[in-house]
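Thanks for coming. I will go through one structure today, starting with its aromatic rings and then moving on to strands, charged pairs and the overall picture.

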Amino acid sequence: MIPRSQRPGRLHPVRAIPLVLLLSCTVLACSPDRTGNEQGERDIRCRHTDSWSGSIAVGRGDTLSAPTTLPETGDSVPPVTPPPPVLDEVVVDVVDSARERVDYVFTGDGVIGWSARYVSQPLTYGDGHEVSVAGSCVLQVDFTLADVTATTYANPQRLTPLTTTITEVVTYPPHDGVVQSFVGLRDAEAAVTVDGTDGSVVVTTGG
């Protein structure tokens, strides 16, 4: 692992006000499936069809918090709407000569769902806008019941690290509680693994 100051790619935006989440969205079942798997939409297609999904606890994993002040006698208790966990950092690292990784780091308290899959045509959730991602192969990573920290997340954030297998990472602002990120891979034969741990989801190439 190389020092944080020498990491080749890094996105560390500033906190923004969390967006309203879609209440009907569940932690494990609302990952969008709008990309399709049409063949021939990229000149070189991904040679793999693996997919991954799961959930992670962020912070204490709490989904509710107590009010800071007690109501007066006879007053009703206002409903508590806790902020969702936020995607605080996207970091691209070189692990060793054979492996690279994208680390999605979350802060806050709560539980989020995540899923990842190879796609032939990367599209944004909601409006179906085609995403321009450098590389021969694209891995789409979705996070549900999540927000982001940013001041400029009206536009996608792009990381173009000086790495061998990862060409680009494009992360979009949340839509109905869904945060999307697209990982461009240089080689159509590139194989990845995706793991969720407490507070982060990690995409590793060559592993």
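There are 4 aromatic pairs in this predicted model, a pair being rings of Phe, Tyr and Trp (its six-membered ring) with centres within 6.5 Å, where planes under 30 degrees apart are stacked, over 60 edge-to-face, and the rest tilted. Take tryptophan 52 and tyrosine 118: the ring centres are 6.1 Å apart and the planes stand at 55 degrees, so this pair is tilted. Tryptophan 52 sits in strand S2, residues 51–58, and tyrosine 118 in strand S5, residues 110–119, so the pair ties together parts that are 66 residues apart in sequence. Strands here are DSSP runs of E, at least two residues long, and helices are runs of H or I, at least four, numbered from the N terminus. Tryptophan 52 and tyrosine 118 are both buried, where buried means under 20% relative accessible area, exposed over 50%, and partly exposed in between, with a 1.4 Å probe and protein chains only.

Another of the pairs is tyrosine 172 with phenylalanine 182. Their ring centres are 6.2 Å apart and the planes are at 85 degrees, so that pair is edge-to-face. Tyrosine 172 is in the loop between strand S9 (166–171) and strand S10 (178–185), while phenylalanine 182 is in S10 itself, 10 residues apart. Tyrosine 172 has 13% relative accessibility and so counts as buried; phenylalanine 182 is buried at 0%. Tyr104, Phe106 and Phe143 make up one aromatic cluster.

Residues are numbered from 1 along each chain as its sequence is written, and side-chain values use heavy atoms, with hydrogens and water left out. As the model is predicted, local features need pLDDT of at least 70 and side-chain atom pairs count only at pLDDT 80 or more, whereas totals for chains, interfaces and linings use all residues.

Now strand S4, residues 100–107. How many of its residues are buried? The count is 6 of 8, so S4 is mostly covered. What does S4 pair with, given that two strands pair if DSSP finds at least two bridges between them? Strand S3, residues 86–94, pairs with S4 in the antiparallel sense over 8 bridges, and valine 92 stands opposite valine 102 of S4.

On to charges. The model has 6 salt bridges, each being a side-chain nitrogen of Lys or Arg within 4 Å of a carboxyl oxygen of Asp or Glu. One of them joins aspartate 109 and arginine 60, with the closest N and O atoms 3.4 Å apart. Aspartate 109 belongs to the loop between S4 and S5 and arginine 60 to the loop between S2 and S3, so parts 49 residues apart in sequence are tied together. Aspartate 109 is partly exposed at 26% relative accessibility, and arginine 60 is exposed at 59%.

Aspartate 96 and arginine 99 form another, with closest N and O atoms 2.8 Å apart. Aspartate 96 is partly exposed at 30%, and arginine 99 is partly exposed at 33%.

Then there is aspartate 142 with arginine 117, at 3.5 Å from N to O. Aspartate 142 is in strand S6, residues 137–144, and arginine 117 in S5, 25 residues apart. Are these two residues buried or exposed? Both aspartate 142 and arginine 117 are buried.

The model has 1 disulfide, defined as a pair of cysteine sulfur atoms within 2.5 Å. Cysteine 46 and cysteine 137 form this disulfide, with sulfur atoms 1.9 Å apart. The link is right-handed, with 120 degrees about the S-S bond. Cysteine 46 lies in the loop between strand S1 (9–11) and S2, and cysteine 137 in S6, so the pair ties together parts that are 91 residues apart in sequence. Both cysteine 46 and cysteine 137 are buried.

Last, the chain as a whole. It has 0 helices and 12 strands. Of its 207 residues, 45% are buried. With a contact meaning heavy atoms within 4.5 Å, residues 24 or more positions apart account for 74% of the contacts with a separation of 6 or more.

Definitions and conventions: Pairing = 2+ DSSP bridges.
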